[in-house]
Number of protein chains: 2
Amino acid sequence: MSVRRPKDEKLTMAAIAELAGVSKPTVSKVMNGQPGVSAATRKRVERVIAEREYVRNGAARALSAGRVGSVNLVMSEVDSPYFVEIIRGVEETLERAELSMVLTTTHEEERRHRRWMARVIEHGTEGVILVLPDEHAVYVEELHRHGIPFAVVDDRGESLPDVPSVGATNFAGGFAATEYLLSLGHRRIAVIGGQPYKCTTARLAGYRAALQEAGVPVEPLLMQPGSFQAKAGYASANALLDVPEPPTAIFAGNDLQAMGVYRALYERGLRVPDDMSVVGFDDVPLVALLTPALTTVRQPVREMGALATRMLLRIVAGETLESARVELTTSLMVRESCAPPRRS
Amino acid sequence: MSVRRPKDEKLTMAAIAELAGVSKPTVSKVMNGQPGVSAATRKRVERVIAEREYVRNGAARALSAGRVGSVNLVMSEVDSPYFVEIIRGVEETLERAELSMVLTTTHEEERRHRRWMARVIEHGTEGVILVLPDEHAVYVEELHRHGIPFAVVDDRGESLPDVPSVGATNFAGGFAATEYLLSLGHRRIAVIGGQPYKCTTARLAGYRAALQEAGVPVEPLLMQPGSFQAKAGYASANALLDVPEPPTAIFAGNDLQAMGVYRALYERGLRVPDDMSVVGFDDVPLVALLTPALTTVRQPVREMGALATRMLLRIVAGETLESARVELTTSLMVRESCAPPRRS
């Protein structure tokens, strides 16, 4: 479904709802391929749509002249290589579908949010890809209301259950990183958290589970909170180095934090991995170039952007998704930043 | 000038040309605020435009309803933090002008190039910002032909003289980096080049000029060719370390090359800056986080993106630019990667 004139759109949605004897949100759900509608209702709505020639065949629309031809990618920031990978995944997929990408950053500001939403409603869009912002519930509600199809890149694991979204297996990633450090002989393994999102909770749960499985007690002193910035990694590493019995390995919340950890160690004349093993999370492109190259848990960020885009295009084409939520596999990229602990 | 319906647009351009008794390219030049038109001709064209109420007042247009509302940013790739900074500069400036940004990457492929150009012509645009691709002359000609306003972020220094473009002072940057290494006492200073663009030539000329001013002979063995990738820096550093009398400092072609240099040194057990001083070029965000933090020549990439956008918006608003080409100042960011050479 392509949204060009929001007023016509609303009329049409209302008309379909009336003719099918259902509510507008139900029509929106059917049109967006979302669950929560009975098979019978779905069929009734789809018949009305077909009768009114509200054809949502993607290929057919692609050939129609009045098509908006663009998808909006909305993210809070582009200030880390992480976001760039999402952009690449989205853009490549849209390019193959001969669609262009309108990129907006909101900086989590209400004013900017209002502005892009107004523009999308005024100028139309084929659909929206959200890189999950803090106010996602508001966005989702608004997009639903205007009948605008969307999908979410949700690395935070926070999206609502019936929202089409792509995430990553954070628990498995936290488990794999910790298990690897244990296998090298580490017992005092520190972890740095991130913003209080579900992804952070899941990674920490993976860390705890791996320790417990190995019979290593979880020590609160070795668990540092943090934001996903380098300076948080730097501060946390310094705090961890000042613990009476410091860790021999640090599992950072993400790659930027790991760079902050590198810096704290560098300033104290400690070497990675001889004096301290370090693991990151994300595998943004540059960390393979660090000295030593960072061992990290790869989130397939680009693929997550690409998959969210393919989900959106399927919704636009009127297909029903098998599952609203998909999680892609994380994998440990072993490089140079870990070694067995020094014998003390 | 906003381009919505290319057919109407062409008719209008043709009509103006006929009424003013000039060629269509001349009308295009006047409308795009470009030089190469006599004052008398410019006045005649502008009068015809005013008479036909072809008003190009930016503020007035911004309030008009039929506006396309978006600017196209076209770049070959987004695979380095460098391009991300350009995106940020463009997006911030467009956001303030309440315009959205359509981002396209061409990967320097003819097919993709054709596609975005076709889309711009079909769907319209307020204007285009090109991050100078290899085929820029073709692009420029085509945009001129369709009367589409544009500006160029031209860090390569390669753009045609009458094209609105923003670059950086590459000669001054090359000079400053070399002068700084000389001031630390280095005499065997190597340099790694980049793709054979004018920016590379200018940086190398700055390097040579600084050496000559200090009475230090330029040694061909210490000048390595390279592309702007980390692997080129890695290969060049290895080649330089195998020279009979290796350099004590390496001035890399850009920051990615510098990271490749770090890696080559790391693999040989050499330390930065104790065993080798390293300078980069660009100052992409992450290099301040490296250990040691990279000393580099800053190109104000974000500001270059912002300025090109402001130039485009002025052209769209019907203003005449004082100068088609503007170069922003580079500056040396002194961090931790340089020290006096070891006494041998």
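Mentor: Happy to! Start with B:Glu95 and A:Arg119, whose side chains meet in a salt bridge with 3.7 Å from N to O. The term salt bridge stands for a side-chain nitrogen of Lys or Arg within 4 Å of a carboxyl oxygen of Asp or Glu. B:Glu95 belongs to helix α5 (residues 81–96) of chain B and A:Arg119 to helix α6 (residues 110–123) of chain A, so this pair joins two chains. Helices here are DSSP runs of H or I with at least four residues, strands are runs of E with at least two, and both are numbered from the N terminus. B:Glu95 and A:Arg119 are both buried; that word means under 20% relative accessible area, while exposed means over 50% and partly exposed lies in between, using a 1.4 Å probe and protein chains only.

A word on the source: this is a predicted model, in which local features need pLDDT of at least 70 and side-chain atom pairs count only at pLDDT 80 or more, while totals for chains, interfaces and linings use all residues. Residues are numbered from 1 along each chain as its sequence is written, chains are lettered from A and ligands numbered from 1 in the order in which they are written, and side-chain values use heavy atoms, with hydrogens and water left out.

B:Arg302 pairs with B:Glu92, their closest N and O atoms being 2.4 Å apart. This pair links distant parts of the chain, as B:Arg302 is in helix α12 (residues 301–316) and B:Glu92 in helix α5, 210 residues apart. B:Glu92 is buried at 19% relative accessibility, whereas B:Arg302 is partly exposed at 25%.

In chain A, salt bridges that share partners join A:Asp283, A:Arg298, A:Glu303 and A:Arg335 into one network. Over all chains, the count comes to 42 salt bridges.

Now let us turn to rings. The whole structure has eight aromatic pairs over all chains; rings of Phe, Tyr and Trp (its six-membered ring) pair if their centres lie within 6.5 Å, with planes under 30 degrees apart called stacked, over 60 edge-to-face and the rest tilted. One of them is the tilted pair of B:Trp116 and B:Tyr139, at 5.8 Å centre to centre and 50 degrees between the planes. B:Trp116 is in helix α6 (residues 110–123) of chain B and B:Tyr139 in helix α7 (residues 136–145) of chain B, so the pair ties together parts that are 23 residues apart in sequence. Both B:Trp116 and B:Tyr139 are buried.

Charges can meet rings too. The charged end of A:Arg203 sits over the ring of A:Phe281, 3.7 Å from its centre, and in chain B the charged end of B:Arg203 sits over the ring of B:Phe281 at 3.6 Å. For this, NZ of Lys or CZ of Arg must be within 6 Å of the ring centre and within 35 degrees of the ring normal.

Last, the cysteines. There are zero disulfides over all chains, a disulfide being a pair of cysteine sulfur atoms within 2.5 Å. A:Cys199 is buried with a relative accessible area of 3%, and A:Cys338 is buried with 11%.
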